[in-house]
Structure formats: structure tokens, C-alpha cells
Amino acid sequence: MSAPRDRDDVVEDWRDVSRQAALATGYGARPLAVARFSAVRSMGALAVVVLVIVGGLALRSATPSNRTGGPVVGTAEDANFRLVLTTPRSSYTTNEAIEPVATVTYLGPNASETMFHAMYPIGFRIEEVGGVRNMGGGMDQPCKSTELAKGRSDALPFGKAGSPDDPTAGFDIDWYQDPVLRLPVGTWRIIAYLDVQLGKCGGEPHQLTVENVVRVVAGDAVMLTPGPTSSPPSDTPPPSPSLSIDAATALEMARKYEDGLTTGHFDSVWLMLSPWSRMTIGSYATFADAEAREIAILGATVDIASPSRDPSLLDPAFLGARAADLAATADPSRTYVVSILRPTVDGAAAATTNLVVAPLIGGGNAWRIWIDASPGLYGAWSFPDGCAAFGLSGRRCEAVVNTAATNAAFDRSSATSIFLMPEPGCGGDPLSDVAGGLCTRSMAFVAGVRFDRDDGTSVVSEVFCGVGPPTLTCSETPGIQAVDLHDAGYWDVPCAGEPPDGCPSPIPKPTRAAAAVGRELKVDAIDMPVGAVGHREVEIGRAVLVDGIVQEARFSIADQTQVGFLLDPGLVRMELRSTIPGRPPFDNIYQRGTFKGAEEVRVVLVFDVAETGADAVVHVTDVLVR
């Protein structure tokens with residue numbers, strides 16, 4: 001198990017899940033349809049800023065309003081920004097979920113503007129009207145930035161932040177850990193504040209504050225109210241208007257989980273998973289890679305069903321591999337199944353993911369999510385159907401699978417099934433509460449390939465691309481690499497010890513008189529036919545060397561991708577072959593030695609053709625051998 005967390009860290013995690021995961025979605029209380037978007041944020045370095053009132057800044061005061069039966073809305077703006085805080089209603093019971101959402105809109109003169117801020121541009125506080133209880137707010141202090149086009153808004157749902165150790169504040173660690181905002185009886189002021197700078201961290205400051213006042217009375221029913229934002233149309237029936245506290249918590253967990261995946265905040269979502277789920281996945285890098293691929297392929301919208309305690313859904317046969325861990329670590333009386341539906345995917349089974357949400361036994365109010373996964377198959381896509389999820393054409397995907405089989409010395413024909421697998425990760429403890437980052441490597445991950453045998457065993461081989469010859473495995477349109485005697489090491493000096501000890505003497509250049517018998521081969525450009533599939537050796541000319549010494553041997557290939565043909569590997573090698581029988585190959589000038597007199601050589605280009613076309617040619621240039 002992981003080490004105990006500091007209380008403030010736990011609160012910070014929940015605040016991240018509440019705010020970060022919904023940063024680009026405008027998430028709030030809404031019907032259970034979540035549109036998936038992609039969010040990009042840039043980062044810089046923070047300077048702590050003391051507010052200075054800028055001359056000429058026209059600041060409008062916050063103007064909360066409430067229509068009977070409608071949302072409470074507070075608004076404040078200056079010349080550049082408008083801050084709006086919306087709470088669905090003005091009255092709640094102690095068991096009802098309160099879901100404020102704050103939005104900032106850019107109003108300034110530019111086509112777009114970059115706001116520099118701490119962890120988020122907007123923070124939240126809560127104060128008891130006529131009392132001392134409060135949630136003091138606060139956030140981490142890096143410097144991040146958010147760009148807004150003119151007239152565009154960024155929405156953040158309410159997130160808890162403050163000190164659970166302050167007894168006078170009235171909110172303990174359990175309250176902070178609960179992802180749902182509920183308040184005790186009283187009248188409460190919910191405050192949102194914008195704190196940003198323009199130009200740079202520590203630049204021109206802009207601060208706005210708005211508030212909503214809500215009244216909370218005693219009550220038992222939990223009514224999930226519609227939020228101020230609209231949602232995509234959905235065929236999923238609306239949830240029951242009344243949910244228990246635990247059911248509402250399970251629903252909120254599932255929503256935050258899906259919104260976190262939506263916006264690419266995989267590190268926040270990773271912390272919501274149960275220890276079993278993390279161990280089954282294997283690493284944070286695997287999780288982030290697999291979920292990003294699924295979002296890209298399975299569509300932008302999911303529908304979230306109401307939490308269920310249907311015995312058939314909680315049956316171990318239905319729960320699968322996670323059933324045993326749920327029985328051992330989750331509170332069975334508070335365990336829910338939340339179905340995530342993908343309306344754009346055909347087939348009920350393929351279109352549905354069932355999350356299990358429950359508090360950990362002995363974990364207080366620590367709710368976690370158990371994903372539907374089996375060890376060794378998380379994130380797997382069947383071959384060849386899953387090739388698109390890895391950005392591979394069918395042609396390249398076939399090459400990747402062949403490469404994986406070759407690397408593993410596996411007879412591909414013996415596989416009963418083949419799966420494409422996500423990023424394997426780089427080790428580390430999956431139970432660590434530090435999600436870590438994606439792997440840092442000198443090579444790029446292409447795909448893992450799992451070959452299943454009929455005896456129930458499997459072989460997994462990962463394919464990476466880095467420095468090396470161009471191949472279809474590593475590119476849809478591989479180039480062609482010219483390998484001449486410079487690249488082949490012909491002039492490398494072999495030393496038996498530390499240079500200069502053990503190194504051979506330099507090879508003397510031919511004298512002027514001897515050089516007269518030599519004849520160079522020089523070709524500015526030539527189109528060499530690719531020819532038939534198979535091994536190819538094409539002589540492009542001959543040269544006469546003096547004393548068997550190669551003074552230069554080079555060629556180039558014009559900037560060319562392999563379109564209409566394929567060399568495997570994507571190399572064209574230059575070889576010099578003596579016409580004098582018995583002469584050694586031109587591997588290394590020191591090992592070959594010298595031979596008095598003239599020596600004619602054939603200049604041959606060698607390559608292997610995997611696919612060809614009738615008019616396919618290789619554009620060879622700058623040939624010089626002497």
C-alpha cells in the first residue's frame with residue numbers, strides 16, 4: 001500500500017479533480033451527457049503578485065440576481081474580463097448537491113489574450129452569513145497560462161480548497177474529501193474570485209470577485225438539479241430525480257472520472273482509481289496512453305447512467321476480474337455500478353463500460369473506482385481492427401506486427417489471436433500517489449503486440465522507433481538512406497589499445513606519378529530503377545584505384561520518400577568490388593592494405609525491394625569514387 005497522504009494533499013487532489021478535470025468542459029450539474037473535448041494549457045513560472053489598481057480601470061461591482069425557481073447569478077467585469085458565478089438555485093436541503101459554476105470571458109481589445117495565473121484563474125471560498133464557519137480557499141502557486149479568444153469563456157466548476165485542521169472553520173477532512181458540495185443549515189455566501197495577470201507572471205493585474213447567497217434547510221431528499229449550462233442531446237433516459245447521498249457521490253465520481261479523461265487530466269483521474277485498478281493497469285503511462293487512444297477512436301460523447309445496485313450487476317460473474325478485490329476491499333453496502341454509454345459506437349457491449357464505484361473499507365469517505373479490465377489485456381485492441389487507434393494504416397500495422405514477431409523470435413503463424421497494446425510504462429510503483437509522467441526515452445513508442453498461443457500463454461513484444469534505417473514500421477512514408485564507405489567505416493582507425501598506442505600507421509597517398517594510372521567515377525545524377533521484388537545489386541559504373549587505395553567513395557539520394565515502392569530496410573549501400581580475382585573486400589583501409597599498381601573496381605548499389613511499381617526509381621546523385 002502507498003504511504004499515508006498529508007491531509008492538505010488529499011484535499012488538493014479532490015480540488016484538482018473538481019476543477020482541473022472540467023477546465024475545458026464547463027462541467028456542472030446537468031443531464032448525464034458529457035461532451036468530450038480536448039484542452040491545452042501552457043505553463044510558465046509564477047511570481048507572487050500584490051494587486052495594484054491600474055489607472056483608468058473601470059470596475060463594475062458584483063451583481064447577484066435570482067429569478068424565482070431559477071439560478072442565482074453574480075456578475076462582475078472590467079475592461080478586459082467578465083466573471084460570472086452561477087448556482088442552480090437559491091435554496092437547498094442539507095443533503096442536496098450544490099453545484100456552482102464560474103466562467104471568465106475575455107472582453108478586451110485583442111483577438112485573443114493570455115491570462116497568467118496560479119493553478120487556476122478562478123478560486124472559490126465559502127462564508128457563513130452571520131456566522132464564523134468558512135472554507136478559506138487557496139491553491140498551488142505555479143505559473144500557468146490560459147488563452148482566451150475575444151468573446152470566448154472558460155468555465156470552472158466549484159472545487160473545495162482550505163484547511164480541514166481548523167476547528168473554527170466547521171469543515172473536517174471528510175467534508176473536504178467528499179467530491180460533492182453539501183452545506184449545513186444556514187445562509188451561505190459562495191464566492192468566486194478571478195486573479196490573473198496580463199503580459200507575464202507578475203504583469204498587469206486583473207482581479208474580480210462575485211458571490212451567490214444560498215439558504216440551506218434541514219432535509220433528507222437529494223434532488224440533482226439541472227445546471228446553468230446546456231448539454232448535448234442524449235437518448236439515455238434521465239436519472240431518477242432523487243438519489244441517496246451515496247448514489248449521488250458515486251455519480252459525481254463517475255462524472256469527474258469521465259470529465260478528467262475528456263480533458264486529458266489523466267494524472268487527476270489516476271488518483272481516483274482503486275489500488276487493484278492501478279495494479280491491473282500496471283503504470284500511469286499505460287493508463288494515459290490507453291485512455292487517450294480510446295477517446296480518439298470511440299467518439300467525443302458519453303452518456304452516464306444513474307448509479308445502480310442491481311444484484312445482477314453486482315454479481316461476481318458480471319464484475320469479472322475485479323470481483324474478488326471488491327469483496328475484499330470495498331464496502332459492499334455502498335457499492336454501485338455506473339454504466340458509461342457511447343452512443344456513437346455500434347453494439348451494446350462495445351458501447352458500454354461499467355465502472356464500479358465504492359468507498360474503501362476502513363478508508364472513511366475515500367471513494368475509488370474499479371475499472372472493467374483483466375490483467376494483461378488493459379487497453380488492448382484486436383488486430384487488425386485496432387490499427388487506427390495507434391495511428392497506423394493497415395499496411396504499416398502489418399509491418400509493425402511482423403517486426404514485433406521478429407524481435408521476439410516468434411512464429412506469427414502459430415498465434416491464435418493478436419492484440420495491439422498501449423505504452424508499457426517505465427516501471428515505478430503503480431500504487432504511488434504521485435502519478436508521475438510519461439516515459440522519457442530516446443526512442444518513440446509505436447505499439448505493443450501481444451501474440452496469444454493455443455496453450456493459453458502469450459508473448460508480448462514492444463516496438464519502438466529511434467535512430468536507424470528508414471522502415472515502414474516507423475513511418476507511413478519512409479525515406480531512403482544512402483550508406484557509402486564513409487558510413488560503413490572504411491576509413492575508421494582500428495586501435496588495439498588506447499590511441500595512439502596500438503594504432504596502425506597512416507596509409508600513404510599515391511605519388512603523383514602513380515596517380516596518373518587512376519580513373520575516377522563521377523556521376524552527377526542518375527535514376528536507378530527499383531526493379532523486381534527481392535535482393536538487388538545494380539552496377540552504376542567502374543573506377544580505377546591507385547595501389548588499391550580508396551581516396552573517396554560517396555553518393556547521395558535526393559530527398560525522396562518511398563511512394564509506390566518499398567525498400568526493406570530503407571537503405572541503399574555502396575559496395576566496391578575488385579575485378580582482380582582474390583582481392584579482399586573493401587571493409588577497412590587499414591585491414592585491406594595496399595596493392596601496387598592499378599586496380600579496377602565495380603561500383604555497385606545494393607538494396608532489398610519489398611514492394612515495387614512499374615516506374616519506380618531511386619534518384620541517385622553526387623557519385624564520386626576515386
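Me: Is the disulfide of Cys143 and Cys201 left-handed or right-handed?
Reply: A disulfide here is a pair of cysteine sulfur atoms within 2.5 Å. For Cys143 and Cys201, the torsion about the S-S bond is about -45°, so the disulfide is left-handed.

Me: What kind of model is this?
Reply: Residues are numbered from 1 along each chain as its sequence is written, and side-chain values use heavy atoms, leaving out hydrogens and water. Local features need pLDDT of at least 70, side-chain atom pairs count only at pLDDT 80 or more, and totals for chains, interfaces and linings use all residues, as this model is predicted.

Me: How many residues apart in sequence are the parts that Cys143 and Cys201 tie together?
Reply: Strands (E, at least two residues) and helices (H or I, at least four) are DSSP runs, numbered from the N terminus. Cys143 lies in strand β11, while Cys201 sits in the loop between β13 and β14, so the parts they tie together are apart in sequence by 58 residues.

Me: Is Cys474 buried, partly exposed or exposed?
Reply: Buried means under 20% relative accessible area, exposed means over 50%, and partly exposed is in between (1.4 Å probe, protein chains only). Cys474 forms a disulfide with Cys465, and Cys465 is buried at 12%. With a relative accessible area of 32%, Cys474 is partly exposed.

Me: Which residue is the bridge partner of Ala444 in β22?
Reply: Two strands pair if DSSP finds at least two bridges between them, and β21 and β22 pair in the antiparallel sense over eight bridges. In β22, Ala444 is bridged to Cys465.

Me: Which strands stand at the edges of the open sheet of four strands?
Reply: The order is β19-β20-β21-β22, with antiparallel pairing. One side of each edge strand is left without a neighbour in the sheet because each has a single partner strand, and these edge strands are β19 and β22.

Me: What angle does the direction of helix α9 make with that of β21?
Reply: Helix α9 packs on the sheet, touching β20, β21 and β22, where contact means heavy atoms within 4.5 Å. Axes are lines fitted to C-alpha atoms, for helices over the stretch in contact, and angles run from 0 to 180 degrees between N-to-C directions. For α9 and β21 the angle is about 70°.

Me: Is the disulfide of Cys495 and Cys503 left-handed or right-handed?
Reply: The sulfur atoms of Cys495 and Cys503 are 1.9 Å apart. The torsion about their S-S bond is about 110°, so this disulfide is right-handed.
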